Amino acid sequence: MQPRNMSMSGVVDLAAVKAAGEAKAKAEQARAEAARQAAQGGGAGPAAGAVPPSALVLDVDEAGFERDVLQLSAEVPVVLDFWAEWCQPCKQLSPLLERLVTEANGRLVLAKVDVDANQMLMQQFQIQGIPAVFAVVAGQVLPLFQGVAPEQQIRETLAQLVQVAEERFGIIGIEVDPEAEGLGPAEAAEIPAGPYDALLEAAVVALDAGDLGGAVQAYKNVLADDPANTEAKLGLAQAELLARVQHMDPQAVRAAAAENPRDPAAQIAAADLDLVGGHVEDAFGRLVDTVKVTFGDDRDAVRVRLLELFEVIGADDPRVSAARTALARVLF
């Protein structure tokens, strides 16, 4: 893993991510939800897990690398800046990276590594010269560039990094709470929220009655007016999953999956059954394994379904984080 000058297009073929619309839409909805919550102000308070802008830039050492970089990279792409106090180019690049990451507003985190104090990390990354910049996405390391690059080139590279994280893995970043450092709610974009309790209650009633089509429509009615409604997004994902398996013959589906390990449709159907049956890790593992042996549109179909199943379980579940890392290992 030699550091070298390269953009993200040299690491990942973005043209291959042509079936990523669904994952990207979900990422955009999640960001809209973060903005809506910020607009509600002090009465509602920041969402759980929101961080101040200063938390987007952190110093990392060998002892905290797994927690502060590898684990965090399942939630947000982490940009690694290898630097040293005596390095003059580093003093030019580091402030630029800090500014660009802060402008990304939670879609990126910058982790700064002092090579003099962290010789083991320098050796593990085979750093031959500094500044050297890497990224970590879902536990996978990507070399970005070495030396000082023009600002526009760095902007483009970071934008591609955000795009890859969203479209391939559904990683949308972390919520930033501007009030934590003096920015009031009036400075946040105002996204009106409406009273959806009746529609959400109708969806629950429909689910209890076995009317999955009615539940799906009720959740869609909420999302049509409020695309970032977290409860509706989760409910829709669950209702659609139940609707898909409602008329399946489990024995036939599992037999087809066993006989056709490379058939994406067979494996997707079996994964749906796995998840409904509570076998979450089996469902995730089945689809990750299918991604390994499929290509093109078939691979994208499996990947998108896996992201949908992540939505059913929830991003905070450790099984989702583990599956994201496994998916990254297959795709990169």
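**Entry 1: helices α11 and α12**

I looked up how α11 passes α12 and found a left-handed crossing; a crossing has this hand if the near helix is turned anticlockwise from the far one by less than a right angle, and is right-handed if clockwise. Helices here are DSSP runs of H or I with at least four residues, strands are runs of E with at least two, and both are numbered from the N terminus. The model is predicted, so I noted that local features need pLDDT of at least 70 and side-chain atom pairs count only at pLDDT 80 or more, while totals for chains, interfaces and linings use all residues. Residues are numbered from 1 along each chain as its sequence is written, and side-chain values use heavy atoms, with hydrogens and water left out.

The axes of α11 and α12 come within 9 Å and cross at roughly 160 degrees. Axes are lines fitted to C-alpha atoms, for helices over the stretch in contact, and the angles run from 0 to 180 degrees between N-to-C directions. The angle makes α11 roughly antiparallel to α12 (under 35 degrees counts as roughly parallel, over 145 as roughly antiparallel, 65 to 115 as roughly perpendicular and the rest as oblique).

I then listed the contact, which means heavy atoms within 4.5 Å. From α11 it includes Phe284, Leu287 and Val291, and from α12 it includes Leu306, Leu309 and Phe310. By class, this contact of α11 with α12 divides into 10 nonpolar, one polar and four charged residues. Ala, Val, Leu, Ile, Met, Phe, Trp, Tyr, Cys and Pro count as nonpolar, Asp, Glu, Lys and Arg as charged, and the others, Gly among them, as polar.

**Entry 2: helices α12 and α13**

I next examined α12 (residues 296-313) and α13 (residues 318-331), whose axes come within 10 Å and cross at roughly 165 degrees. That makes α12 roughly antiparallel to α13. The crossing of this pair, α12 and α13, is left-handed. Among the residues in contact are Arg303, Leu307 and Phe310 of α12 and Val320, Ala323 and Leu327 of α13. The contact of α12 with α13 has nine nonpolar, no polar and four charged residues.

**Entry 3: Phe284 and the cores**

Leaving aside neighbours within four places in sequence, Phe284 is in contact with residues including Leu275, Leu306, Phe310 and Ala323.

Which residues touch the most other members of the largest nonpolar core? Of its 82 residues, they are Leu80, Phe82, Ile154 and Phe284. Helix α5 (residues 151-169) gives the largest share of this core, seven residues. A second, separate core of 13 residues includes Ala203 and Val222. A nonpolar core is a set of buried Ala, Val, Leu, Ile, Met, Phe, Trp, Tyr and Cys residues joined through side-chain atoms within 4.5 Å. Buried means under 20% relative accessible area, exposed over 50%, and partly exposed in between, with a 1.4 Å probe and protein chains only.

I also checked Asp282, which is found in helix α11 (residues 280-293). Asp282 is partly exposed because its relative accessible area is 47%.

**Entry 4: backbone details**

I recorded a cis peptide bond between Ile130 and Pro131, with omega about 0 degrees. Pro131 is in the loop between α4 (119-124) and β4 (132-137). Gln126 is also in the loop between α4 and β4, and its phi is near 55 degrees, a positive value in a residue other than glycine. Asn105, in the loop between α3 (88-103) and β3 (109-114), has a positive phi of about 55 degrees.
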